[in-house]
Amino acid sequence: MKKASILMIVGPLFLLGLYIFPLWNIMLGAPQYPDPLGLNIHINGLQGMNEFDIQNIDGLNHYIGMQTLPKVEDMWEFGTFPTIIGIMVALGVLIGILGYFNKVGYKWFLGWFILMSILGLLGMYDFNAWMIDYGTNLDPNAIMKLTNPDGTPMTYKPPLLGHVKMLNFDVTSMPSIGAWLMFVGMMLTLAASYLGWKNTKKQ
Amino acid sequence: MKIYKKLIMSMGAVLVLASCGQQNQNSNGALSSSAAEKVYVAPGEQDEYYAFLSGGYSGNLTVYGLPSGRMFKEIPVFSQFPTSGYGYSEETKPMLTTSHGFVPWDDAHHPDISQTNGELDGRWIFINGNNTPRIARISLSTFETEEIIEVPNSAGNHSSSFITENTEYVVAGTRFSVPIPQRDMPINEYKSNFKGSLSFISVDPEHGHMDLKFQLLMPGFNYDLSHPGRGKSHGWFFFTTYNTEEAHTLQEVNASQNDKDFIAAVNWKKIEEYVNNGGGTKMPANYAHNVYDESTHMATTTMKKEVLTVDPLKVPGAVFFLPTPKSPHGCDVDPTGQYIIGNGKLSADLTVHSFDKMIAAIEGEKFDGEAYGIPILKFEDVLAGQVKSGGLGPLHTEFDGKGNAYTTFFISSEVVKWKLGTWEVIDRKPTYYSVGHLMIPGGNSRKPFGKYVVAMNKITKDRYLPTGPEMEHSAQIYDISGEKMELIYDFPTHGEPHYAAGCPAELLAPKSKKIYRLDENKHPYAVTSPTGSKVVREGNEVHVYMSTIRSHFTPDNIEGIKVGDKVYFHITNHEQDFDVPHGFSILGQNTSELLIMPGQTKTSVWEPKQVGVWPFYCTDFCSALHQEMQGYVRVSPANSNMELKWSLGE
């Protein structure tokens with residue numbers, strides 16, 4: 001149980017990476033952007049890959065009537081997500097410590113993992129909902145109003161994962177270091193649950 | 001069946017052709033195809049070297065790539081440049097201020113890249129204005145002229161702008177000797193009355209700011225070209241002279257009589273010490289010092305009123321004359337600093353002096369008389385060797401860093417490769433035609449990059465499709481990586497390149513600026529936020545604080561301007577994206593357009609003379625809505641009561 005508990009203490013700490021590294025990354029390349037524009041999505045706000053990328057993405061998007069990218073104060077998520085992550089890390093470490101002293105069992109470990117997974121899925125859902133709004137809720141007075149071949153208005157939702165061609169831009173959306181660290185951390189807690197469970201079977 | 005036959009026949013033909021191609025490659029194709037491969041820089045790829053070619057009478061500096069010969073930019077230096085508004089905008093007009101007023105042109109000659117420990121460091125490039133003596137400093141991160149200093153007591157600033165091994169000084173020698181100070185006197189009293197000034201302009205190591213530290217007042221010869229000592233000869237500077245006859249008319253004949261002229265060897269470290277200890281004579285002067293500030297995007301002129309002159313006779317052991325045959329032109333020092341080459345333009349031979357022998361002769365005080373009190377060393381005592389090339393009219397020499405030298409021969413129209421130390425000629429190749437200068441990247445430093453030599457020719461004739469009597473000059477690129485030189489490319493150049501400087505691309509490319517930061521813009525009339533635009537009247541001067549972003553001007557409608565007003569459009573480009581300039585021009589403006597880089601502010605003046613509604617627009621195709629980037633100014637009669645109004649999107 002000691003080994004499992006140590007993993008349970010260490011696993012949640014990986015989530016602290018989210019305070020430093022971006023969760024997600026969206027790259028926009030085009031013929032006239034040989035150095036692509038890039039957007040790093042952190043839990044506490046958006047950052048350009050290069051200093052002026054956000055300004056330049058907004059500048060381009062205004063042609064097709066997209067809203068400007070949200071600032072920290074524009075989205076409650078940027079305030080709430082860091083708090084939730086903080087609470088989950090503290091909770092996870094606490095469960096691990098209690099496990100170490102045999103106060104709680106592997107079910108708590110698994111419970112933390114399931115709770116974190118649900119929160120993660122909710123986060124993804126929320127992120128996707130924002131992207132739908134960002135890509136489809138367009139200014140009716142946009143300079144360029146483009147339509148699909150079937151006559152419906154063209155929309156510009158970036159992909160949640162993977163690559164999409166949008167007008168002259170190649171848009172690629174991928175998890176970034178923060179997300180990978182979170183994934184590793186969660187896998188460690190899952191491993192902790194498994195080891196804990198194996199331990200109980202032995203006894 | 002017929003179809004099959006045709007197919008088989010055509011396949012046969014292809015096979016024959018292919019095998020022919022194969023044969024060609026094996027027999028003689030290697031030569032022609034490899035020349036093409038050597039200069040071919042595929043689309044999207046970049047050149048190996050930067051080359052900065054002086055523009056001569058264009059007054060500017062052009063930037064090329066080697067080995068492709070593609071031109072990347074013309075940097076305005078001494079000449080007004082309507083393309084960007086340099087010398088037309090209110091900010092850059094002071095760059096062309098001199099003691100003679102606004103001089104919109106010059107003859108730009110010899111660029112030289114800054115050095116540290118005798119190697120190119122890529123901070124700045126300097127170039128001289130020959131006609132109204134000036135030295136300019138150009139930033140190699142913005143590729144823009146940042147500073148121009150006028151050189152007083154000089155005339156025909158030709159033996160310039162060469163820098164010392166650690167960029168301590170940029171040196172500017174006079175070609176014409178003149179009365180110093182200038183005065184009203186008979187021309188035919190030139191002899192022994194006129195003087196030649198050699199100016200040592202110090203360069204601030206941090207900002208590059210130039211300051212005329214001292215001026216050596218030499219006998220009234222013509223100081224043609226110069227180069228610094230390096231390595232062991234660091235601390236010395238060498239100048240070729242002609243017209244040691246001191247002729248004042250028909251110099252073509254009268255200045256070509258002496259069998260030998262001189263190379264003047266100047267121990268500047270000794271003179272610097274003398275000056276630092278309070279030596280020298282302050283002389284009243286009047287010369288302009290123009291500095292462009294990157295943060296205010298603005299140039300200012302300061303008139304300087306004094307210059308420190310040095311009489312060479314007051315500093316014993318500082319100046320010597322080395323006899324050198326036949327009106328030497330180029331004065332070149334090899335990468336080790338041991339050999340000083342005098343290119344005797346009216347002879348067939350090159351004269352090479354030895355620095356070690358010169359020092360020994362000076363120490364042994366073996367003099368062969370004096371000229372105006374300056375000791376003349378014995379020709380035989382300082383001579384290292386002579387290159388008997390068989391060519392005619394040697395002008396300039398550069399070095400490959402592998403013990404070889406390359407000299408241009410104007411009259412016989414060729415580049416000759418020879419060996420330092422043995423003086424034997426290794427190879428010679430024709431140029432097209434009448435080559436003046438040549439350039440090897442770093443060829444004038446301790447560390448040349450001896451892969452290519454560029455020959456800059458004075459005569460073009462039939463090298464390109466004809467364009468009437470006037471045409472661009474021509475340059476040739478030779479591959480010098482092997483024992484023999486190989487002509488690999490021909491390309492036209494802009495203006496008349498006299499000299500060039502080159503360096504590896506990686507020295508400059510990574511630090512080349514992409515934008516100016518808007519948050520660092522300190523221009524007094526800058527608009528740094530989109531809401532900051534306004535129009536302010538001060539009497540009949542109107543200041544328009546205008547901003548641009550794709551794709552509109554703010555404001556784009558202005559009313560209340562009157563005939564007789566002087567309207568200043570101060571335009572700030574709010575873009576912070578690479579290569580998104582905006583332009584500005586208004587109908588009837590008596591000046592050039594402005595081309596404003598991201599984050600920059602530039603000012604254009606318009607004095608409307610006619611009542612009406614006059615459009616202005618963006619002159620640079622900035623976006624898909626560039627054509628919509630326009631606006632109107634309403635001009636009312638001089639006595640109108642129209643209030644100033646401005647707007648965007650109302």
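Is Thr167(B) buried or exposed? Thr167(B) is buried, with 21 other C-beta atoms within 10 Å; a residue counts as buried if 20 or more other C-beta atoms, placed from the backbone, lie within 10 Å of its own, as exposed if 12 or fewer do, and as partly exposed in between.

This is a predicted model, in which local features need pLDDT of at least 70 and side-chain atom pairs count only at pLDDT 80 or more, while totals for chains, interfaces and linings use all residues. Residues are numbered from 1 along each chain as its sequence is written, and chains are lettered from A and ligands numbered from 1 in the order in which they are written.

**Backbone geometry**

Most residues other than glycine have a negative phi, and most peptide bonds are trans. Thr167(B) has a positive phi near 55° and is placed in the loop between strand 10 and strand 11 (169-173) of chain B. Helices (H or I, at least four residues) and strands (E, at least two) are DSSP runs, numbered from the N terminus. In chain A, phi of Asn102(A) is positive, near 60°. Asn102(A) belongs to the loop between helix 3 (77-100) and helix 4 (106-136) of chain A, and this residue is exposed, with 10 other C-beta atoms within 10 Å.

| Cis peptide bond | Omega |
|---|---|
| Leu66(B) to Pro67(B) | near 10° |
| Ser160(B) to Ser161(B) | about -15° |

Pro67(B) sits in the loop between strand 2 (61-66) and strand 3 (71-75) of chain B, whereas Ser161(B) is part of strand 10 (residues 159-163) of chain B.

**Chain A**

An unreviewed UniProt entry annotates residues 7-27, 78-101, 108-125 and 177-197 of chain A as "transmembrane region". UniProt positions follow the numbering used here, feature names are shortened, and annotations may be inferred rather than shown by experiment. Residues 78-101 of chain A are 96% helix and 0% strand, with the end C-alpha atoms 36 Å apart. For residues 108-125 of chain A, the values are 100% helix, 0% strand and 25 Å between the end C-alpha atoms.

Helix 2 (residues 53-61) of chain A has as its buried residues Asp53(A), Ile54(A), Asn56(A), Ile57(A), Gly59(A) and Asn61(A). Their cover includes strand 1 (24-30), strand 2 (33-42) and strand 3 (45-48) of chain A.

**Contact between the chains**

Chain A contributes 6 residues to the contact and chain B 5 residues, where contact requires C-beta atoms, placed from the backbone, within 7 Å. The side of chain A that touches chain B has 3 nonpolar, 3 polar and no charged residues. Here Ala, Val, Leu, Ile, Met, Phe, Trp, Tyr, Cys and Pro count as nonpolar, Asp, Glu, Lys and Arg as charged, and the others, Gly among them, as polar.

Conventions: Contact = placed C-beta atoms within 7 Å.
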